[in-house]
Amino acid sequence: MILPILGLLLGFLLGYVFPVVIPLAYAKFFSVALLASLDAVFGGLRAAINGNFDNTVFISGFFINALLAAFLVFIGDRLGIDLYYVALLTFGFRIFKNLAVVRRHLLKTRTHERPHLPDE
């Protein structure tokens, strides 16, 4: 559990020391790819909680979802259709749904660990 937290802290540190500026022309692609990646991360957390996490499924979903989302935004941009709104809504909904499952699990395990005090 400590390794993912260290990786996250290292990522924040590297992002702070070496800031990356995304050009405005690529902002739509980056935002949708980032949301697709976050969706994969929260989906992986949910799968780990449910006990059916598969590393191959997680890694392939992480990259394929991000690339597919960016490709759909590219196609929509070429056609003059704002498809990135659909991707933002879809991935945002899925992220909140997966986060709700993780939150419920954490609250459930926390309340079961707490000793119950008798009524006075």
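Helix H3 (residues 55-79) supplies the largest share of the nonpolar patch, seven residues. Helices here are DSSP runs of H or I with at least four residues, numbered from the N terminus. The model is predicted: local features need pLDDT of at least 70, side-chain atom pairs count only at pLDDT 80 or more, and totals for chains, interfaces and linings use all residues. Residues are numbered from 1 along each chain as its sequence is written, and side-chain values use heavy atoms, with hydrogens and water left out.

The patch covers about 890 Å² of surface and consists of Ile 64, Leu 68, Phe 71, Leu 72, Phe 74, Ile 75, Leu 79, Ile 81, Leu 83 and Val 86. Patch residues have over 30% relative accessible area and no salt bridge, and nonpolar side chains are joined within 5 Å. A salt bridge is a side-chain nitrogen of Lys or Arg within 4 Å of a carboxyl oxygen of Asp or Glu. Areas come from the Shrake-Rupley method with a 1.4 Å probe. Val 86 belongs to helix H4 (residues 84-113).

The largest nonpolar core has 10 residues: Phe 29, Val 32, Ala 33, Ala 36, Ala 66, Ala 69, Val 73, Tyr 84, Ala 87 and Phe 91. Helices H2 (27-50), H3 and H4 each give two or more residues to this core. H2 gives the most, with four. Core members are buried (under 20% relative accessible area) and joined through side-chain atoms within 4.5 Å. Beyond its neighbours within four places in sequence, Ala 87 contacts Val 32 and Gly 92, with contact meaning heavy atoms within 4.5 Å.

Gly 11 lies in helix H1 (residues 2-17). The C-alpha atoms of Gly 11 and Leu 83 are separated by 30 Å.

Note on methods
Patches are made of residues with over 30% relative accessible area and no salt bridge: like charges are joined within 9 Å, nonpolar side chains (Val, Leu, Ile, Met, Phe, Trp, Tyr) within 5 Å. Buried means under 20% relative accessible area, exposed over 50%, partly exposed in between (1.4 Å probe, protein chains only).
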